[in-house]
Every structure is written in structure tokens, then in C-alpha cells.
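Biologist: Could you put the model up and talk me through it, going from the overall build down to single residues?
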Amino acid sequence: MDGDFLIGGAFFIHYQMETVVNNYTTKPKLPKCTGSFNARDLRFSRTMIFAIEEINNSTELLPGMRLGYQIYDTCSAVPVAVHVAFQLTNGEDPVFYKESNCSQSSVVIAAVGDSGSSPSISMSRIIGSFNIPLVSHFATCACLSDKHEYPNFFRTIPSDHYQAAALAKLVKHFGWTWIGAIYSDSDYGNYGMAIFLETARREGICVEYMESFDWTYPQSKIQRVADVIRRSTATVVVAFAAPGDMKILLEELARQLVPSRQWIGSEAWITDPNLMSFSFCTGAIGVAIQRSVIPGLREFLLDLSPSEVAASSVLTEFWEDAFNCSLTKTSNLNKQQCDGTEDIKTLKSPYTETSQLRISNMVYKAVYAIAHAIHNVLCQKKNTTVQCNKYIRLDPTQVLTELKKVSFSQNGYHISFDSNGDPIAFYELVNWQNSESGLIEPVTVGYYDASLPMGEQFHISRKLTWLEDAKQVPVSVCSKSCPLGTRKVLQKGKPVCCYDCIPCPEGEISNVTDAPDCFLCPREFWPNRGRDACFPKPVEFFSFDEVLAIILAIFSVCGACIAIITAVIFFHQRATPIVRANNSELSFLLLFSLTLCFLCSLTFIGAPSKWSCMLRHTAFGITFVLCISCVLGKTIVVLMAFKATLPGSNAMKWFGPPQQRITVVSVTFVQVIICTLWLILSPPFPVKNLTTYKEKIILECALGSNVGFWAVLGYIGLLAIFCFVLAIFARKLPDNFNEAKLITFSMLIFCAVWITFIPAYISSPGKFTVAVEIFAILASSFGLIVCIFAPKCFIILFQPEKNTKKYLMNKK
């Protein structure tokens, strides 16, 4: 249509370009579109015409002026798009028109299109040389945002940069980490998939396969892509493809048994009605341009008279394709003849589908954006009226400059461009669901708004339908999530989403699914059986609640009672010869020290405290030295008593009772000094033993100073050995009742117990160290009381006839 100023239009009304083999001997034919008819893009082109006519009838926008248009079919092919670009810049092509019009009005001052990114790139490079702005309604390649490469390019549809991010977040939202990726081998597909893969990598999503294809590929290559999809293990397939490419691929998939796949679609095809006939794609979900309403558009689209249809080759082809008939007798003899009375209002076609106007609104906004730019150049508001001068020579550069500034609202939709010529990104989330009529319909289930803060951009407002009309979200992972208590170990040679789940090592936990590493519990904590939480380690000590502790405590008390009973017996029989002959004073002192030895073992049982730790070691050391000193005194008395029987000997004079007391006190005092220095310099203290057992805490007494502990034991051992040696020397002394033999046996047991105690003490784990120490105390104490006092008590109680001075004085 002619006008004061022309706006160009580029849409792909057909899906394919006629293949021509040039022989280089004749002039090449002009590229020609062929193949199946695209009624959807016909609607886009008719929407452009509707918007121009609406503007021409407006009294506010370009009043008194008339816009014209030149609309071309590019069939989504770059060669055709290049030819269209030259036609837009050079005016009407004389090949198609008998008379060439070289007036200014025959050159477009702006253009709308194309419906694909690759054709738009080619057109932008050509018409950009003449500063003619190109406003696309459907070219989403992020590469077109580069203003150095495409300074004349604008679009009313968001860039793929936002779409790819939205698709990656969508995949991540549903927990899919193992996907397949297919994309058109074009600028739209290549750039879009590159951005998607980069975003998906940051989100932790792995891709099993990536396959590019194009409708121009040989059938064998399309079949190979279909076979890859069939053999794959990934349930989810992300398709960043043009509608024509998807149509070819889905047709190939439909030829054989199609595996269940969850399709994730880009906005280019997810709302294309021509593709919704493939039932195996039910449940597909993707991003789509916001649904809109354009008042009057449906009436305009349906207002096609038979004469108007017959006058246009494009409309004629559409009519014949839609009603499967022939308008002319020569067009197709096999089809039924059309009579022109067919009712287009009853037609179910993408052309008449206006319930979800999405891309059509992008065309509508593109035309209005150009009109506003022209208006800002030619029109001025004087008083209350707007006056426009249509005789001004309008340069496309002026329109290009004003397009960068436009900001207005039309039908409630705001229109403006950022510095890259892009609009604000807003997408609807669309899900393919079966309607009551059995047909697949795109249902809006949420939205993605790039202008919102991170975390709030993505929103789902209703339930979705998944593959095979299922209600549950499908699973698409290379490896199942690692449960709590395990960590991921990558499988060699496979992507990071393919891994094995290994239980956490001892002492470590993981409290999140798919944990890359386990971490140690704090020192005083230990994992539970599932190794997914840390709990305080149980604290153990040698307590009175344990069977072993109760047994040892009973033996300790019994030993003390035996010592007390023995002392009572000796006290009751203190005047008898057997008691008097064995130094009753040292015997009572020895029994007292043995009672303390038995009772001091009780201090080792129970929870260690500061005072109990100091008491148990010092009491043990001092009482045992007191005990050994008494035995040593008795041994020396035996030796001195024998020497005293020799003629002229006065040995007993120098080792009488005062000397015996001094010996016991002085020997014990040395141990008291050692214990005092130990307590002053580095006393024992309670400590939590975290090293013996990893899974529990042993509450025990640390020695403080190892030197102090071994000094105490060493002094006891030194006295015991010395006493043992003296007892050996006196064991064969002539006497009817030689106490030296009894002391020898007692010291033999004592030394044997404490010699074996040292390795047992060092090797015993945890609280059993205390048990070993108590056992050594009780064993040595019982050895002393049994060996020294049991024979005497037996005579006193059961053989009183031997408890006489005459019996004791008799020699063997």
C-alpha cells in the first residue's frame, strides 16, 4: 500500500526456500519461497497492516498523514532476507512492477522484521548502511544487542540473554540436573544455547548431549538427531529452536515410537499452534511472550472478502490451504472447487487464533514505535492541536535517533528501548495441557520478570501437567541425590552430575543432600549412626554403676573389713606369744596401713574431680609406703632378733621400738615430701580424654607430672625390693615360726603384682586404666594380709595349742 512514508515488513510466510542449482551459464533466478504455508506469520503481517490502518485513522498520532507498507516473505532464509533488504533500500523492484517509481516515497524509512534472528542479522547489516532502523518482533538473539555491530537494530521482544537465564532457572527449579540440548544451527539457536549452557553450568546442570540441526539439513542428519534423543538417558530436552526446525524434527520423531521426554521450549516455538498437534509433546513447558489483547484485530483478520482474497496471491494460497480447496480451476485439479462462500469464522487455524496474542502484539508495538518516532520528527503540538508537515524530506537517520527516545503506552502496554535497543524482559511460563476438547493448548502457569530482584524473578502460580499427562514432576538426573551422611565422588570421565555416593568417613558427617564433602564434628561431638548430625560424645568414667567397679569396691571394703577383723583378733590376743613374738606394734600399724590401702582404692572409683585426683594418687603412695615401711621394720626386727641371740651381740639395743618407729616415720616422710612436691609443682587434675576412643570421652585424672607419678611408684618399688632382699636373707633363720618366710612370700606377690602392673597400666585403654590400678592395689594388699597374717590367725583361731611360748621356742 502506498503512503506518504513507507514502512517495510519482513515475515516468513513459507517455511522453506526453493532450492536452485545454478549452472553459471545463465542469469540466476531470484530466490523464491516454497514449502508449507505459515498461517501464523500471515497473521503477523496482517497485524502490521491493521496497526498501520489504525494509525492512519488516528487523529492524535500522525494526523493528516498516511503510512504505507511493503511486506515481503523471507521464508526464514538468509538469501531471501538479503534480497528483501536490497528491495527495501532501493525501492520497488522493477522485476515485480512494470513501472519503476524512483520517488522518495518508494523508499522505506523503517522496517519491521524479521521473524528470525539470522535473517534479521543479514537485513540489519545491509539496511544499517543507510541508517534505516529495523524493529524486530521476533528476533531474540543476544548478539543483536551489540550496538557496535547493529546500531540500527531495535526489538520489542526481549533478548535471548534473559530467555536463556529463565530457562536455566526453570530447569534448576524442578531439580533437573541431567538434560539433553538441541538447537537450531542459526544465530538464534547458537547464541541462545551458548548463553543457556553458560547459565546452566553455573546452576550445576549437566548436559548429556548437544545437537544442532536445521530444516535445510539432509534427512539423514535430522534422523541422527532424533536417534540421539531416543537413545539418551536424560528425560528432559531443552530445545532452543525456530518453529520450522522444530516442526521437521518432531515429524521425524513421530515416525517411530517416541520415548517419554519432558520438552523445555524457547519462546520461538512454545506457543506455535502448528506444533501443538504432536501429542507426545504434552506437558511441554517454556517461556513465552506475555499474552495480550488488541481490540479490533480479530474482526480485521476475519474480514476477508472473496474479491480481496482473489486479488492477493498470498491470501489465495492461505484460503486454499485452510479450506483444502481450489479457487481457480487451473491451480489444482485434484482439490474441490472453492466458491468463496466458505466461512472463515469457523476456521480453526493459527491465522484465526487470537485468544493468546503474543508475538502479534510485538508486531503491533513495533509499528507504533516507528509511528511515534516519525511523529516526533514531523509533528508539533500547537495549543491543543497537533500539526504535522508531511512535505518535509524525512531521513531514516532522524527516525533512528527518535526511536532511541520513544516511551509511550499502547493498549496498556508500555513501549520503550534501553541503550541496546531492547525492551524490559518479561515472560510468561507456558505449559502444554490437554483441553476438554482433547486438543493441546498453551496454559499460562507463572511468569519470569527480569526487572525484579534476584530470588523474586521466578514465580509459578498453578499446577503443571508433565510428560504423558502426568501430575508428578519427572526425574532427570544422571545420579540420584546422595542422601545425608554421604558425599559425592565424581565418576571418572563423566560430567560433574554423574557421581557415586560414598558414606562419610568415621567422625565426619554431611547434613545436606549431594554434599561435595563431609566435615568433622567438633572435638567433643560424634556423628550419629546415619552420620548426618553431630551429638555430644557420651562421657565415661569408672563409676559405681558398673559391674566391675561394684566388684572391686566390694573387694576393697571386704579387704578393709578383714584388716580390721584381724586387728581385733590380734588386739584380743595381744597377750598371746604369737602376737607378742611378731612385734605387735608394727603389726597393728601394718594392719592400719592395709586398711587405708584397701579403702584408698575407693577414691579411684567415681567421676574425677580436682580434689579426688590429688587424693587418690597421694593417698595411694603414702599408705603403701607406710605399709611397706612396716613390713621393712618387721624384716629388720627378725634379722636383729637373730643376731641378738648370738653371744656378745647387742643388736636389739640399736633397733628397739623407738628406732622402729623412727624408721617407719622417716621412710614414710620421704614419700610425703615426694607427694607434696608433686602436688605443688604439677598436681594431677581431671581431664577429658578424647584420643583413646574417637566416639566417646573418657573422664580421667591426668598425672600432671609424669616424673612425680613414677617417683611415687619408684620409691614404693625400691622399698619393696629392699624388703624382699632382706626377707630372702632371713628366710632360713632357725625358728619354729619364722616370719621372714611369710614376708618373703608377701613381697614376692607384691613385686610380681606391681611389675606386671606397669605394662598393663600403659596398655589399658580409657577407664580400664583405673581398674588396673585398683586391681594392683587390692592384689598387693591381699597378698600382704594373707601371707603375713593369715597363718597367725589360723593358729590363733584353730590351733591354739601352738600359740604357746614352749612351741615357739622349740627348734626344728
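Biologist: How many helices and strands does the chain have?
Modeller: Bearing in mind that this is a predicted model, the secondary structure of the chain comes to 22 helices and 30 strands. The radius of gyration is 53 Å, well over the 28 Å that the globule rule gives for 812 residues, so the chain is more spread out than a compact globule.

Biologist: What box do the C-alpha atoms fill?
Modeller: Taken along the principal axes, the C-alpha atoms fill a box of roughly 165 × 65 × 55 Å. To put a pair of residues to that, Thr-47 and Phe-757 are 710 residues apart in sequence and their C-alpha atoms are 102 Å apart in space.

Biologist: And what share of the residues counts as buried?
Modeller: Of the 812 residues, 53% count as buried, while the accessible surface of the chain comes to about 38,100 Å², with 59% of that belonging to carbon and sulfur atoms. As for contacts, among those with a separation of 6 or more, 68% are between residues 24 or more positions apart.

Biologist: Which residues have the most contacts inside the largest nonpolar core?
Modeller: That core has 100 residues, and those with the most contacts inside it are Met-48, Leu-67, Val-112, Phe-196, Phe-318 and Ile-374. Helix α11, residues 359–378, supplies the largest share of this core, with 13 residues. Apart from it lies another core, of 71 residues, which includes Cys-630, Tyr-715, Phe-724 and Cys-751.

Biologist: What does Met-48 touch?
Modeller: Not counting residues up to four places away in sequence, Met-48 touches Ile-7, Gly-8, Gly-9, Phe-11, Tyr-69, Ile-71, Val-112, Val-363 and Val-367.

Biologist: Back to Thr-47, is that one buried or exposed?
Modeller: Thr-47, whose place is in helix α1, has 0% relative accessibility and therefore counts as buried. Leaving aside neighbours within four places in sequence, Thr-47 is in contact with Ile-294, Leu-297, Ser-360, Val-363 and Tyr-364.

Biologist: Changing topic, how many salt bridges does the structure hold?
Modeller: There are 16 salt bridges in the structure. In one of them the side chains of Asp-272 and Arg-40 meet, with an N to O distance of 3.7 Å. That pair links distant parts of the chain, since Asp-272 is in the loop between β11 (262–265) and β12 (285–289) and Arg-40 is in helix α1, 232 residues apart. Asp-272 and Arg-40 are both buried.

Biologist: Which residue does Arg-155 pair with?
Modeller: Arg-155 forms a salt bridge with Asp-422, the closest N and O atoms being 2.7 Å apart. Here too distant parts of the chain are linked, with Arg-155 in strand β7 (residues 153–155) and Asp-422 in the loop between β18 (413–416) and β19 (426–434), 267 residues apart. Arg-155 and Asp-422 are both buried.

Biologist: And where are Glu-428 and Arg-358?
Modeller: Glu-428 is in strand β19, whereas Arg-358 is in the loop between β14 (336–337) and α11, 70 residues apart. Glu-428 and Arg-358 form a salt bridge in which the closest N and O atoms are 2.6 Å apart, and both residues are buried. There is also a network of salt bridges that links Glu-198, Arg-201 and Arg-202.

Biologist: What about the backbone, which peptide bond is cis?
Modeller: The peptide bond from Gly-113 to Asp-114 is cis, with omega near -5°, and Asp-114 is found in the loop between β5 (108–112) and α3 (117–127). I would note that most peptide bonds are trans, and that most residues other than glycine have a negative phi.

Biologist: What is phi of Leu-62, then?
Modeller: Phi of Leu-62 is near 50°, a positive value in a residue other than glycine. Leu-62 lies in the loop between α1 (39–56) and β4 (67–73), and with a relative accessible area of 2% it is buried. Asp-514 also has a positive phi, near 55°, and is found in the loop between β24 (508–509) and β25 (519–520). At 23% relative accessibility, Asp-514 counts as partly exposed.

Biologist: Last one: which residues form the nonpolar patch on the surface?
Modeller: Phe-669, Ile-673, Leu-677, Ile-680 and Leu-681 form that patch, and together they have about 550 Å² of accessible area. Leu-681 has its place in helix α18, residues 657–681.

Biologist: Why does Leu-681 count as exposed?
Modeller: Leu-681 counts as exposed because its relative accessibility is 70%, and the cut-off for exposed is over 50%.

Terms used:
Residues numbered from 1 in each chain as written. Predicted model: local features only at pLDDT ≥ 70, side-chain atom pairs only at ≥ 80, totals over all residues. Heavy atoms only, no water. Core = buried A, V, L, I, M, F, W, Y, C linked by side-chain atoms within 4.5 Å. Buried < 20%, exposed > 50% of the residue type's maximum accessible area, 1.4 Å probe, protein only. Helix = DSSP H or I, 4+ residues; strand = E, 2+ residues; numbered from the N terminus. Contact = heavy atoms within 4.5 Å. Patch = residues over 30% accessible without salt bridge, like charges linked within 9 Å, V, L, I, M, F, W, Y side chains within 5 Å. Areas by Shrake-Rupley, 256 points an atom, 1.4 Å probe, with all protein chains shown as cover. Salt bridge = Lys/Arg side-chain N within 4 Å of Asp/Glu carboxyl O. Rg over C-alpha atoms; globule rule 2.2 N^0.38 Å.
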